[in-house]
Amino acid sequence: MPRLSVLGVRHHGPGSARAVRDELNRIRPDLVLVEGPPEADGLVALAADPGMRPPVALLAYVPGEPSRAAFWPFAEFSPEWQAIAYAARAGVEARFCDLPAAHGLALDADPVRRDPIGELARAAGYDDPERWWEDLVEHRGEAGTLDVVTEAMRAVREGHVAEGAEARREAYMRRTLRKAAREGFARIAVVCGAWHLPALTPPALSLPALSPPALSPPGGRARGSGLPDGSGPDAPDGPRRLPSPAEDERLLRGLPKVRIEMTWVPWTHGRLAAGAGYGAGVAAPGWYEHLFTAPDRPVERWLARAAAILREEDLPVSSAHVIEAVRLAEGLAALRGRPLAGLSEVTEAVRAVLCGGDELPVELVQRRMVVGERLGRVPDATPMVPLRRDLRDEQRRLRMKPEAVSGEHDLDLRRPLDLGRSRLLHRLALLDVPWGTPRRARSKGTFKESWSLEWRPELDVALIEAAVWGITVEAAATARVRDLAGGAGLPELSALVERCLLAHLPDALPYVLGRIEDRAALDGEVRHLMGALPALVRARRYGDVRGTEGLAGVTESMLARICAGLSPALTGLDEDAAREMAALMDGVHTAAGLMGSGRWLATLTGIARRGDLPGLLDGRIVRILFDADALGDDVAARMARSMSPGNPPARSAAWMEGFLSGGGLLLVHDPRLLATVDAWLTGLSPEAFVDVLPLLRRTFGAFPAPERRMIGGRVRSGAALRPGSPGGDEGADYDDGLAAGAVRTVRDILGRGTGGRP
């Protein structure tokens with residue numbers, strides 16, 4: 001006749017965790033049942049592996065549909081984890097007793113869950129459930145913790161009728177208990193959420209094989225008669241009846257089922273704070289871990305740790321600050337009638353004493369301590385998809401340790417180790433596993449990269465999803481690229497080439513280049529070619545550093561086709577199409593400069609002679625040619641013609657937008673251009689000025705603030721607009737002899753020799 005102890009707990013509650021640990025050591029069960037999916041029974045033994053370090057989570061997923069997944073997380077301060085750890089230490093069997101994940105994922109149900117902790121806190125007059133829990137349980141020691149939780153949950157659940165997924169879960173738990181009783185275990189301990197306890201203890205549970213079973217709660221007090229009909233003195237309104245074994249079987253019969261796989265995955269405290277797992281998150285997992293691991297003088301130890309963190313950031317925090325912060329926290333707790341200073345009191349002490357009222361360091365303490373940045377670890381023996389195992393091996397080879405905290409890493413691609421790291425991160429990005437986020441590199445060279453790395457638990461699911469593409473990261477990324485290239489257009493294909501080079505996928509690159517050649521040969525749309533060229537040219541720049549072959553043949557062919565088809569493509573464009581074409585032209589211009597081709601400028605010079613171009617494109621082409629020193633002194637005359645009264649004001653404003661989109665310093669250093677713009681603008685009628693004002697604001701608003709100030713200063717002074725005044729005639733303020741050396745140096749840097757316009 002087994003002795004059954006049902007321990008109702010708060011998930012992730014450190015007080016419950018300590019109480020469960022102590023109670024299991026007292027009653028010494030030979031079977032421990034834990035709320036969780038029974039498919040994970042074969043994984044329980046891994047909890048004893050030295051390589052296992054919580055927080056971790058059980059992951060169940062449907063092969064082929066890994067987006068259908070569920071997690072069961074455990075922290076060190078989770079009562080369920082302490083129960084599993086006890087079983088491992090004591091050498092007794094531990095099983096999970098919740099509804100199988102195969103049914104839960106097939107039902108795909110997300111039942112509406114109540115918040116019993118919140119309900120109890122509100123009933124007690126608290127607006128903060130965590131504070132209520134601390135006062136009731138965490139700050140009053142372990143004695144009677146489970147009884148307090150049990151009685152509180154019984155009160156909240158009074159009159160509640162389980163339905164849907166909740167009813168099926170509790171029916172399966174009762175079935176598991178009956179099965180364990182028939183197997184002959186002498187002492188059975190069940191660790192489950194206290195919400196379910198009334199459904200698992202008399203009068204809720206009958207064990208027909210026993211007459212009656214000996215059921216005892218923590219502390220040895222009986223919890224009911226255990227009568228088969230479910231009636232007993234514990235029923236608040238007299239005899240009541242809950243589901244019998246036959247009724248439970250009928251409720252569980254015919255449930256849909258899918259094939260699943262299970263494994264352990266690392267978890268983070270941040271995800272515990274997000275409410276993941278059991279529908280019961282905790283707002284301050286770092287604080288709860290501290291309460292569990294440091295029951296002796298928790299306030300003093302917490303504030304000492306906070307001071308250490310602040311000192312690491314070079315903030316002046318002394319031991320005197322810590323002593324005063326402890327006094328403040330304890331004083332606040334006494335004023336508020338709390339048995340011990342809680343999280344709110346220590347946070348206020350940190351803010352007032354350690355941080356001097358500055359919120360920024362307070363947020364640092366909150367992030368590192370209250371929530372915590374811990375990432376768990378699973379042992380090598382954990383079942384993994386081959387792709388996940390290969391990634392783990394790559395991480396070790398490249399010395400890239402996954403961390404929950406976001407860290408910045410600068411890579412020098414001239415070093416083999418950093419080059420390998422870069423390739424791994426780019427391959428994972430192709431697989432939609434964004435472990436790293438690219439950042440703007442501090443160096444302007446192409447041999448530097450900067451990344452922000454942060455490992456999140458959901459990336460394990462992303463790896464399972466990506467496992468369909470291959471068993472290694474390189475093979476999977478290669479297969480993924482070929483799949484993406486299948487239906488991609490030219491711009492997408494060119495971007496894919498760049499990503500292939502960054503990820504060093506030599507087996508995928510020829511396929512993508514072949515797709516580009518096929519597409520380019522059949523695609524007569526110049527805009528598609530223009531959109532594709534810049535990425536291909538950028539990819540050529542990585543050839544020497546990344547050990548990849550050049551793309552000269554492809555890019556030269558595409559540029560030739562762009563130059564041949566550009567002029568017809570600029571005819572009949574509306575404002576939106578002209579704006580899109582201007583952006584494409586800027587991209588091609590940059591790419592042609594990197595290629596060192598003069599064909600592009602020759603093409604633009606011919607097009608600039610046309611008189612039917614949209615104002616935006618006409619101005620943009622003139623500016624490109626002017627910057628390339630291909631117009632000589634003709635730019636002022638071109639601007640004057642475009643600003644003449646014979647042109648519609650809207651076209652003149654569009655021309656100016658296109659011309660000035662490269663920056664406003666031209667108007668600062670060329671008084672003739674500034675005078676032309678000023679004369680046109682001051683000559684507009686009030687109605688025309690109102691019409692072109694939005695375009696002007698968009699044009700000048702894009703200039704950096706210093707440029708706008710310099711332009712405004714010149715206009716206000718009027719000197720730059722008067723011929724013959726200082727700054728009014730080109731070269732009036734310059735000594736050609738003194739400037740000659742600087743001009744020659746600049747021309748040598750630009751590779752333009754000494755000829756042409758100074």
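The protein has 33 helices and eleven strands, taken as DSSP runs numbered from the N terminus (helices H or I, at least four residues; strands E, at least two). This is a predicted model, in which local features need pLDDT of at least 70 and side-chain atom pairs count only at pLDDT 80 or more, while totals for chains, interfaces and linings use all residues. Residues are numbered from 1 along each chain as its sequence is written, and side-chain values use heavy atoms, with hydrogens and water left out. Of the 758 residues, 51% count as buried, meaning under 20% relative accessible area; exposed is over 50% and partly exposed lies in between (1.4 Å probe, protein chains only). Among contacts (heavy atoms within 4.5 Å) between residues at least 6 apart in sequence, 74% join residues at least 24 apart.

**Helix pairs**

Axes here are lines fitted to C-alpha atoms, for helices over the stretch in contact, and angles run from 0 to 180 degrees between N-to-C directions. Angles under 35 degrees count as roughly parallel, over 145 as roughly antiparallel, 65 to 115 as roughly perpendicular, and the rest as oblique. A crossing is left-handed if the near helix is turned anticlockwise from the far one by less than a right angle, and right-handed if clockwise. For residue classes, Ala, Val, Leu, Ile, Met, Phe, Trp, Tyr, Cys and Pro count as nonpolar, Asp, Glu, Lys and Arg as charged, and the others, Gly among them, as polar.

- Helix α11 (residues 298-312) packs on helix α12 (residues 319-335) at about 135°, with the axes 10 Å apart. That angle makes α11 oblique to α12.
- The crossing of α11 past α12 is right-handed.
- From α11, Val299, Glu300, Leu303, Ala304 and Ala307 meet Val322, Ala325, Val326, Ala329 and Glu330 of α12. By class, this contact of α11 with α12 has eight nonpolar, no polar and two charged residues.
- Helix α25 (residues 599-607) and helix α26 (residues 615-627) cross at roughly 135°, and their axes come within 10 Å. This makes α25 oblique to α26.
- α25 passes α26 in a left-handed crossing. Leu601, Leu604, Thr605 and Ile607 of α25 make the contact with Ile621, Ile624 and Leu625 of α26. The contact of α25 with α26 has six nonpolar residues, one polar and no charged.
- Helix α27 (residues 635-642) and helix α30 (residues 671-682) pack at about 5°, axes 10 Å apart. α27 and α30 are therefore roughly parallel to each other.
- Val635, Ala636, Met639 and Ala640 of α27 meet Arg672, Leu673, Thr676 and Val677 of α30. Six of the residues in the contact of α27 with α30 are nonpolar, one is polar and one is charged.

**Helix lengths and ends**

The expected span of a helix is 1.5 Å times one less than its number of residues.

- Helix α19 (residues 490-503) has 14 residues and should span 20 Å; its end C-alpha atoms are 20 Å apart, which agrees.
- α19 is mostly covered, with ten of its 14 residues buried. Among them are Leu490, Leu493, Glu498, Cys500 and Ala503.
- Helix α33 (residues 736-750) has 15 residues and should span 21 Å; its end C-alpha atoms are 20 Å apart, which agrees.
- Gly751 follows α33 and has a positive phi, near 75°.

**Loop backbone**

- The peptide bond from Pro54 to Pro55 is cis, with omega near 10°. Pro55 lies in the loop between β2 (31-34) and β3 (56-62).
- His12 has a positive phi near 60° and is a residue other than glycine. His12 sits in the loop between β1 (3-9) and α1 (14-27). At 0% relative accessibility, His12 counts as buried.
- Asp314 has a positive phi of about 65° although it is not a glycine. Asp314 is in the loop between α11 and α12. Asp314 is exposed, with a relative accessible area of 71%.

**Met400**

- Met400 lies in the loop between α15 (386-397) and β9 (407-412). Met400 is buried, with a relative accessible area of 7%.
- Met400 and Arg421 are 21 residues apart in sequence, and 7.8 Å apart in space, C-alpha to C-alpha.
- Leaving aside neighbours within four places in sequence, Met400 is in contact with Gln395, Arg421, Leu424, Leu425, Trp435 and Leu453.
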